[in-house]
Amino acid sequence: MDAYIPLHNQTSIDAITNDSDPANHGKLVILPSTFTGCPRNMHEYAQDAITYVRHGGKPSLFITYTFNPNCKEMTQNLTNGQSKTDRHDLVARIFRQKLIKFMNVLVKGQVFGSVKYWVYSIEWQKRGLPHSHILIWLTNTLRPNQIDDIISAEIPNPSTDKNLYDIVIKNMVHGPCGAFNSLSPCLKEGNCSKMYPRQFIKETQFATDGYPLYRRRKPEDGGQTATVKMKSDSVVIDNRWIVPYSPLLLKMFDAHINVECCNSIKSIKYILKYVHKGSDQGVFAAHSSNNCIDEISEYQAGRYISSNEAAWRIFGFPIHERYPTVIHLDIHLENGQRIYFSDDNLQCRLANPPNTTLTGFFELCKNDNFAKTLLYCNVPKFYTWDKSKKVFNRRKQGAIVEGHDDI
């Protein structure tokens, strides 16, 4: 079996930081960043998303798309006597196909404009329904006068668009909670954690916390009201209880689709951490001081997986996707890179360690004058990394660099 020498890497740092008992050094068991869902994996994805922020600024839209278990694709494939809770495989397959279509509408269909970058992460609710948190960066920044054209937080007029009215009342009404339902799960110490009901406002305004205050007109100012059924009674609601949505996306997918405009750079940290916060966990254990850390056992004991998520993982569907690709560049001290060896090639590897992206960059600068003008972080824009030969090669596709016809 191959092994590696961690001369200077995050693994050795973790060993010292997380396990202070000298008797346990060298016994630490960790989950690498390549393992989907582990803390290092989530941290890596969040850092990659920050790269999009560095190049493209704040995201334009934050979208949450939740699967509708009563969609026609689901009901048409159930046999007699079956319910949606009996077919976790159908939930996974249908949501995967719908999510692909959803992203094609956003990216290829350009319903909100040309998209530069996008990233999404999939989570599962406690009742098992999957939902996707999506961030998109538009080529052209949304102007304040465009918000009302793509995002609404009001009840539609049933006389002009009965279909949209029915979808909004079925999918986009929060609660009602509070005085209408004191047992609502969103209540924390008697107050709604989602800040509903919102305040009435005549025109959309930009707040200081990163999200706009969407137009929510009073009934006397032209706003609509609707009657929704509760467990024991029916109540009349107004625009204060409506979750922001895109009328176009609602009519296309007939599901809970929350669309928010990202107005401030202050919202980036929250959004990226929320998208990449990982799976739900719940575990409590007591260990003696001489027990070494085993992240694999902790991961297996602490993670909650519903049946729908299990089906999703069995099918091998991705939990995170993004565009464009983020290239990870190595950073290490001289002769501090990680090498892999066996008993047969130990001496050869020590004498001639393979290039990393950092040492490959140094070799590139010796023979390429254009590479000398670049910072290390900008090299992947113009060169591709050959993993087998451990060298950088000039890109063959893309736009010509001004002043360099061969680049």
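User: In strand S12, which residue is the bridge partner of Tyr120?

Analyst: Strands are DSSP runs of type E with at least two residues, and helices are runs of H or I with at least four, numbered from the N terminus. Two strands pair if DSSP finds at least two bridges between them. In this predicted model, local features need pLDDT of at least 70, side-chain atom pairs count only at pLDDT 80 or more, and totals for chains, interfaces and linings use all residues. Residues are numbered from 1 along each chain as its sequence is written, and side-chain values use heavy atoms, with hydrogens and water left out. The partner of Tyr120 in S12 is Glu321. Strands S3 and S12 (residues 320-323) are antiparallel, with four bridges.

User: With which strand does S3 form a hairpin?

Analyst: S3 forms a hairpin with S4, and five residues lie between them. Gly128, in the turn, has a positive phi of about 100°. The antiparallel pairing of S3 with S4 (residues 130-138) extends over nine bridges, and Trp124 is opposite Pro130 of S4.

User: Why is S3 described as largely enclosed by the rest of the structure?

Analyst: Buried means under 20% relative accessible area, exposed over 50%, and partly exposed in between (1.4 Å probe, protein chains only). S3 (residues 115-124) is largely enclosed because nine of its 10 residues are buried.

User: Which residues of helix H6 are buried?

Analyst: In H6 (residues 162-171), the buried residues include Leu164, Tyr165, Ile167 and Val168. The buried residues of H6 pack against strand S9 (226-229), helix H7 (247-253) and strand S11 (256-261), where contact means heavy atoms within 4.5 Å.
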